[in-house]
Amino acid sequence: MTLNPLANPKGVKLLCELCQKPAFVQCMKCRVTYYCGKEHQDADWMGIHMKICQLLIPLRTISLPFLPSEEERQKREAEKLQRQKDMIDLTRTMGQKLLFEGRHEQAVPAAMQSLRFSIDVHGLDSIQLVPSYLILAEASIGLHKLTQAEEYLAQAQWTVLKTPTCSNAIKSKLYRNLGLLFAAKGDYQTARAHLADDIYHASEEFGTDDIQTSGGYFHMANVFFRQNRMDIADSLYTRVTAIWHKHLLRIINQRIHPPKPSSRVGPASIEKPVEETLGSYSKFIQKEAMACIQYCK
């Protein structure tokens, strides 16, 4: 990746994409992204920039053609807003993918980008920022930067508390990350309390025997395992196994005995492909297994 050394004009402050310190080099491909040095440029490139380099140009180019009518200006703003929303989805998905692969350091730039675009679109106090905070927190826990993880989770928790309409699904993810944080700190009692909240909110959103809820049981079992309370850990692991066995058996039965094509017409008759569902389940299993291995080291 080629870098362009910068000599900033007086009064112009260009900041590094990752650390927000003064920037001295520029990405030569998009020419709208700046870094304090090659190390941060390389980290950003591997984490997310290679995916969004050219997509940033229309979003960060200051000089726009004059638009003679209000209608054209509104159309341009709507197009920009849609691009920003697409960038939120892309960068957040990439951050989650990198976390799944155990590439915590590379997940940080993607999550930071998703947070910035979320702030631009939704504002500083929106609940829409929480998923990005949670990715940053999980990546920080994986990197053993627990103080940083605690800061991200505190911001996420404050936003959730200020949002009465926050879904149980988001609350579940928040408390799960808090549980993982305190488990990493060795405070198992507080970790169990947060994981209990995770299981409660996941049960409210998905049901007690849903695979989304099973993650809370799994991490709770890990805590008891670390405390050498094997009877409780084994019972929770057994429950996780039973939940996954039930769901995977249902999927296998669908493959062996596919339902008859519906005669209905419209969105209600469209079935989610079994391969797609199996793929998502498989990825979830792999992620949880990887988390268990990392946790027990």
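The model is predicted, so local features need pLDDT of at least 70 and side-chain atom pairs count only at pLDDT 80 or more, while totals for chains, interfaces and linings use all residues. Residues are numbered from 1 along each chain as its sequence is written, and side-chain values use heavy atoms, with hydrogens and water left out.

**H7 and H9**
- Helix H7 (residues 168-184) packs on helix H9 (residues 211-226) at an angle of about 15 degrees, with the axes 11 Å apart.
- That angle makes H7 roughly parallel to H9 (under 35 degrees; over 145 counts as roughly antiparallel).
- Arg 176, Leu 180 and Ala 183 of H7 make the contact (heavy atoms within 4.5 Å), with H9 residues including Gly 215, Gly 216 and His 219.
- By class, this contact of H7 with H9 has three nonpolar, five polar and one charged residues.

**H8 and H9**
- Helix H8 (residues 188-206) and H9 pack at about 165 degrees, their axes 8 Å apart.
- H8 and H9 are therefore roughly antiparallel to each other.
- Among the H8 residues in the contact are Leu 195, Ile 199 and Phe 206, and H9 contributes Met 220, Val 223 and Phe 224, among others.
- The contact of H8 with H9 divides into 11 nonpolar, five polar and three charged residues.

- Not counting residues up to four places away in sequence, Val 130 touches Ala 156, Thr 159, Val 160 and Ile 170.

How values were computed. Axes are lines fitted to C-alpha atoms, for helices over the stretch in contact, and angles run from 0 to 180 degrees between N-to-C directions. Helices (H or I, at least four residues) and strands (E, at least two) are DSSP runs, numbered from the N terminus. Angles under 35 degrees count as roughly parallel, over 145 as roughly antiparallel, 65 to 115 as roughly perpendicular and the rest as oblique. Ala, Val, Leu, Ile, Met, Phe, Trp, Tyr, Cys and Pro count as nonpolar, Asp, Glu, Lys and Arg as charged, and the others, Gly among them, as polar.
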